[in-house]
Amino acid sequence: MTNPFLLETESLYPNEFALAERIVDMFHERLNVLLPDAETGFIALHIHSATTFKNVLEVNRHNQIIGQIVQTIESHLNVKMDRTSLDYKRLLRHLRYAVERVATGETVEAPQKIEKVLRDEYPLCYSTAWELMGIMERELKRPVPRGEATYLTMHLQRLTSR
């Protein structure tokens with residue numbers, strides 16, 4: 001059994017993942033059943049789903065969108081992200097909340113001056129941010145507020161500058 005989003009799940013839902021690890025350990029200790037590491041991630045998603053009152057299919061779909069976005073970032077910016085780095089975890093957290101905001105129709109605004117500076121100073125990161133917003137729009141079938149480009153550009157610039 002494999003779980004292609006195991007590291008992302010651990011980063012996105014650290015509390016749920018820690019609890020899932022304890023549950024897997026209990027299965028091993030009490031029932032002598034050794035579950036694969038992939039199962040820890042699946043259990044964590046179910047815990048997150050239950051505690052946030054969200055359908056597990058929706059949680060899983062959002063994680064797939066985030067995974068697609070991460071692949072696009074690595075491809076467009078020609079970077080291999082360190083899945084254990086703080087910058088990666090910050091990016092994932094931002095993406096999680098961005099996807100949730102778009103899914104619920106919440107808007108985010110950013111000062112136009114900052115957007116202009118980022119667009120002019122970091123054109124590759126800025127255009128990649130718009131590509132990522134296009135992915136969210138297509139997958140969620142909802143418009144993405146323009147302000148997301150500013151925040152995504154800042155995260156992307158941080159990743160490419162290290």
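**Exercise 1. Where does N32 lie, in which loop?**

The model is a predicted one, in which local features need pLDDT of at least 70, side-chain atom pairs count only at pLDDT 80 or more, and totals for chains, interfaces and linings use all residues. Residues are numbered from 1 along each chain as its sequence is written, and side-chain values use heavy atoms, with hydrogens and water left out.

Solution. 
1. N32 sits in the loop between α2 and α3. Helices (H or I, at least four residues) and strands (E, at least two) are DSSP runs, numbered from the N terminus.
2. N32 is not a glycine, yet has a positive phi of about 55°.
3. The relative accessibility of N32 is 64%, so N32 counts as exposed. The cut-offs are under 20% relative accessible area for buried, over 50% for exposed, and partly exposed in between (1.4 Å probe, protein chains only).

**Exercise 2. Find the loop that holds K141, and state whether K141 is buried or exposed**.

Solution. 
1. K141 belongs to the loop between α7 and α8 (147–160).
2. K141, not a glycine, has a positive phi of about 55°.
3. With 71% relative accessibility, K141 counts as exposed.

**Exercise 3. Describe the setting of D87 in helix α5**.

Solution. 
1. D87 has a relative accessible area of 9% and is therefore buried.
2. Not counting residues up to four places away in sequence, D87 touches R158, L159 and R162. Contact means heavy atoms within 4.5 Å.

**Exercise 4. Classify the packing of helix α6 (residues 112–121) against helix α7 (residues 123–140)**.

Solution. 
1. Two packed helices are described by the angle between their axes and the distance between the axes.
2. The axes of α6 and α7 come within 5 Å and cross at roughly 115°. Axes are lines fitted to C-alpha atoms, for helices over the stretch in contact, with angles from 0 to 180 degrees between N-to-C directions.
3. The two helices are therefore roughly perpendicular; angles under 35 degrees count as roughly parallel, over 145 as roughly antiparallel, 65 to 115 as roughly perpendicular and the rest as oblique.
4. E115, L118, R119, D120 and E121 of α6 meet P123, Y126 and W130 of α7.

**Exercise 5. Which type of aromatic pair do Y126 and W130 form?**

Solution. 
1. The pair is edge-to-face, with 6.3 Å centre to centre and 65° between the planes. Rings of Phe, Tyr and Trp (its six-membered ring) pair if their centres lie within 6.5 Å; planes under 30 degrees apart count as stacked, over 60 as edge-to-face and the rest as tilted.
2. Y126 and W130 are four residues apart in helix α7, so about one helical turn separates them.
3. Y126 is buried because its relative accessibility is 9%, whereas W130, at 33%, is partly exposed.
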